[in-house]
Amino acid sequence: MQKTSLYITFGLLLAIIVSLNSCTKKVNGIDNDQVIETPYGLFFSDTAGSLFSTTDGKTVRTVVKADGTPCRSLCTDGNNILWVKNNLYVSTNNGVNFNHGFDSISTFPFSTCNGLWMDLNQSMMVNIPDWGITFVTNNYPDPAGNYLGVSFSLNLGGILGSWWVDIPDTPTTPGAATNMGLYSPAPWTIRMTSFALLKNGYLCGYDANSNRNFYRSKNSLWNESTGNPDSSVFNGLGSPLNYSGAPLPHHKISGLLTPTYPVVDTEAKYSYGHFNNRLIAIDNINCNGNGAYYSDDLGKNWTRYTGLPSKPLLCISAPFEEICLIGTDSAGLYELNTNTGAWQQQVNNGLGTNIVVRNIAFKENIFKNGTHAKYIYLATNQGIYQSTDGGNKWVKTIPGNYVAVY
C-alpha cells in the first residue's frame with residue numbers, strides 16, 4: 001500500500017513538472033522558443049532601380065520593378081517606406097504605391113580616386129523614432145544663407161507637405177563667406193550632406209563641400225562644432241566664428257585667389273558614421289589616404305585612424321553598437337579593432353573577391369521567450385550578404401548588384 005502510494009505520488013509530481021515545463025515553453029502546441037514576436041523587415045534596392053523586401057534575408061518579394069534610376073537612400077518612418085532617387089518617394093501601404101514626398105533633394109556628384117562616379121548618398125537621410133523626425137539633405141536655393149540645407153518631417157511619416165526647413169541656433173553662425181580682403185560677400189551657404197546619430201542622442205551633421213561640422217539635440221537647434229576648416233587664412237567656402245579645434249583635412253588651396261580665379265583642389269569628400277558616442281568621418285574619395293577620422297567632442301577635434309586601404313570608403317555602420325564596420329570599393333569589409341584602435345580587413349569570411357560593399361544594415365528577431373536573434377546585412381555588387389554571428393562569417397543569400405539596404 002505504501003509502495004503504491006509512492007508510485008502514485010511520484011507520478012503526480014512528474015506530471016506536474018511536465019505540465020509546468022509545457023506551459024513555459026508551449027502554448028497550444030506552439031514552441032515559444034521558435035515563435036517570433038517582433039519580426040524584422042528588410043528593404044534593399046539594386047542598380048536598376050528595383051526595390052525588394054525580405055523578412056528572413058533569403059525569401060525575396062519584389063516591391064517595385066526596375067525603372068533605370070538607381071536608389072540613393074532608403075529608410076522607414078513609422079510604417080512608411082522612404083525611398084530617395086531623383087526625388088524622395090513615400091509609400092504608406094508597404095510598397096504597393098509610392099508617391100512624391102519631397103522634391104528638393106541635394107546632389108553633389110564627384111569622381112573617386114579610382115574613377116568611380118558617385119554622390120553623397122550614404123547617410124543623407126536619417127530617421128529618429130524617439131524624436132518622431134526624419135531628416136534629409138536638401139538643395140533649396142537660399143541666397144540669404146540662413147539655414148543649413150536640412151529638411152525634416154515631424155510625426156507625419158515623410159508624406160508630401162510634411163517637410164520643413166531646419167535652421168541653425170544662430171542664423172549668422174554658418175552665414176556667408178567673409179571677404180578677407182579677397183572676396184566681396186558671396187551667397188555661400190552651408191549644404192549638409194551627411195548625418196550620424198550618436199548613442200547619447202546628439203545628431204551630428206556635416207557639409208562635405210565646405211568641411212563644416214554641426215550638431216543638435218532633440219530640444220536644441222544646430223550649432224557649429226569646428227572652426228577654420230581649411231586654413232588659418234582663407235578657406236574659400238565660408239568663415240566660421242570659432243577658429244579652434246583640429247579640423248578634418250579637406251581642401252588644398254593653390255594658385256592666386258581672386259574673384260575670377262579661385263583654385264580649389266578637392267582632396268576629400270567625407271561621410272559621417274559613428275560608434276556609440278564617437279563620431280567617425282570616412283573619406284569617400286580617399287585619393288591621398290585620408291581614410292577615416294574620429295572625434296569625441298561632436299566634431300571639433302579629429303584624430304586619424306590607421307589600417308584602412310587607399311580605396312574609396314563607401315559606407316560605415318555600427319550594428320547594435322557592438323562592432324563598427326566600413327565597406328570599401330573593391331577592398332571588401334573592414335572592422336574596427338577596439339583593443340588596438342585600428343581597422344583590420346575581414347578576410348576568408350565568405351565575402352567575394354574584390355567585392356564592393358555599398359551599404360550596411362542590421363536587424364533582429366525577438367522571440368516570445370525574450371531571446372533575440374541578430375542579423376547584419378551588406379548590399380554589394382555581388383549580392384546581399386547575411387551574418388548571424390556578429391559579422392565574423394558571411395553568406396551570400398540573394399544574388400544581384402545592390403546599392404542600398406535598410
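Beyond its neighbours within four places in sequence, Gln-386 is in contact (heavy atoms within 4.5 Å) with Tyr-40, Asp-56, Gly-57, Lys-58, Tyr-375, Ile-376, Tyr-377, Lys-393, Trp-394, Val-395 and Thr-397. The model is predicted: local features need pLDDT of at least 70 and side-chain atom pairs pLDDT 80 or more, while totals for chains, interfaces and linings use all residues. Numbering starts from 1 along each chain as its sequence is written, and side-chain values use heavy atoms, without hydrogens and water.

Gln-386 belongs to strand β33, residues 383–387 (strands are DSSP E runs of at least two residues, numbered from the N terminus). Gln-386 counts as buried because its relative accessibility is 8% (buried means under 20% relative accessible area, with a 1.4 Å probe and protein chains only). Its side chain makes a polar contact of 2.7 Å with that of Tyr-377 (a pair of N or O atoms within 3.5 Å, one able to donate a hydrogen and the other to accept it; residues adjacent in sequence count only if both atoms are side-chain atoms).

Val-403, in strand β35 (residues 402–405), has 18% relative accessibility and therefore also counts as buried.

The largest nonpolar core has 20 residues, of which Leu-248, Tyr-270, Tyr-272, Leu-279 and Trp-302 touch the most other members (a core is a set of buried Ala, Val, Leu, Ile, Met, Phe, Trp, Tyr and Cys residues joined through side-chain atoms within 4.5 Å). Strands β18 (203–207), β23 (270–275) and β24 (278–283) each supply at least two residues of this core. Another core, of 16 residues, lies apart from it and includes Phe-275, Ala-318, Ile-326 and Leu-336.

How values were computed:
Helices (H or I, at least four residues) and strands (E, at least two) are DSSP runs, numbered from the N terminus. Buried means under 20% relative accessible area, exposed over 50%, partly exposed in between (1.4 Å probe, protein chains only).
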